[in-house]
Amino acid sequence: MACKKHDHKDILEKVRSDLPKDELLCDLADLYKVFGDTTRVKIMYALFEEEELCVCAIAELLGMTQSAISHQLKTLKDADLVAGRRDGKTIYYHLSDDHVRSILAQGFEHLIEQHEENKKVK
C-alpha cells in the first residue's frame, strides 16, 4: 500500500525561518562537546557545590595533578563555563553564571528522573 504524499511546505518554511544560522549551531555543538569529558563535568559539579575552589583544592578533590586540572580549567574558561577571581597569587574558580548552573542542574534532574523511571519498569 502506497503512502499518501504529505504537503510539508508550510511547516518546513516555518522551521527554516526559525532555524539559527549554521555558525551558531556549530558553536552550540562545540559547547556541548565540552560536557563530553568526565573530568570537566566533575570540576563543574565541584564548583556547583562549593561555589569557589582553587586549582590545588580541585586537584586534591579529584586525585589529579594541578597541571591536569589547569588544562581542563583552560578548556572550561575558553567555553565561558568557568571564570576566575585572583586573590594574591591564588586564582579561585567558579561557574561563570546561572546558565551553567541550570545546565548542570537540569542534566542531573533528567538523569535522576530516568533512573527512577527505569526502576519502575524493572
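How many residues apart are Asp78 and Lys74 in helix H5? I looked this pair up to begin with. Asp78 and Lys74 are four residues apart in H5 (residues 66-78), so about one helical turn separates them. Their side chains meet in a salt bridge, with 2.8 Å from N to O. Both Asp78 and Lys74 are exposed.

**Ground rules I noted**

I am reading a predicted model, where local features need pLDDT of at least 70, side-chain atom pairs count only at pLDDT 80 or more, and totals for chains, interfaces and linings use all residues. Residues are numbered from 1 along each chain as its sequence is written, and side-chain values use heavy atoms, with hydrogens and water left out. For helices I take DSSP runs of H or I with at least four residues, and for strands runs of E with at least two, numbered from the N terminus. I call a residue buried under 20% relative accessible area, exposed over 50% and partly exposed in between (1.4 Å probe, protein chains only).

**Salt bridges**

I searched the whole structure and found six salt bridges. The term asks for a side-chain nitrogen of Lys or Arg within 4 Å of a carboxyl oxygen of Asp or Glu. Side chains of opposite charge can pair when their charged atoms come close.

In helix H1 (residues 9-18), I found Asp18 and Lys14 four residues apart, which means about one helical turn between them. Their side chains meet in a salt bridge at 2.6 Å, N to O. Asp18 counts as partly exposed because its relative accessibility is 49%.

Next I checked helix H2 (residues 22-34), where Asp30 and Lys33 lie three residues apart, about one turn of the helix. Their salt bridge has 3.6 Å from N to O. Asp30 is partly exposed at 36%, and Lys33 is exposed at 57%.

**Helix H3**

I then listed the buried residues of H3: Thr39, Arg40, Ile43, Met44, Ala46 and Leu47. Seen down the helix axis, these buried residues fall within an arc of 155 degrees, so they line one face of H3. That arc is taken from the directions from the helix axis to the C-beta atoms.

I looked at what comes after the helix too. Glu51 follows H3 and has a positive phi, near 70 degrees.

**Aromatic rings**

I count rings of Phe, Tyr and Trp (its six-membered ring) as paired if their centres lie within 6.5 Å; planes under 30 degrees apart are stacked, over 60 edge-to-face and the rest tilted. By this rule I get three aromatic pairs. Tyr32 and Phe35 form a tilted one, at 6.4 Å centre to centre and 45 degrees between the planes. Tyr32 is partly exposed at 49%, while Phe35 is buried at 18%. I also saw Tyr45, Phe48 and Phe108 linked into a cluster by ring pairs.

**The sheet**

Last, I followed the strands, where a pair needs at least two bridges found by DSSP. Three strands form an open antiparallel sheet in the order S1-S3-S2. Its edge strands are S1 (53-54) and S2 (82-87), each pairing on one side only. S2 pairs with S3 (residues 90-95) in the antiparallel sense over six bridges. I noted Arg86 standing opposite Ile91 in S3.
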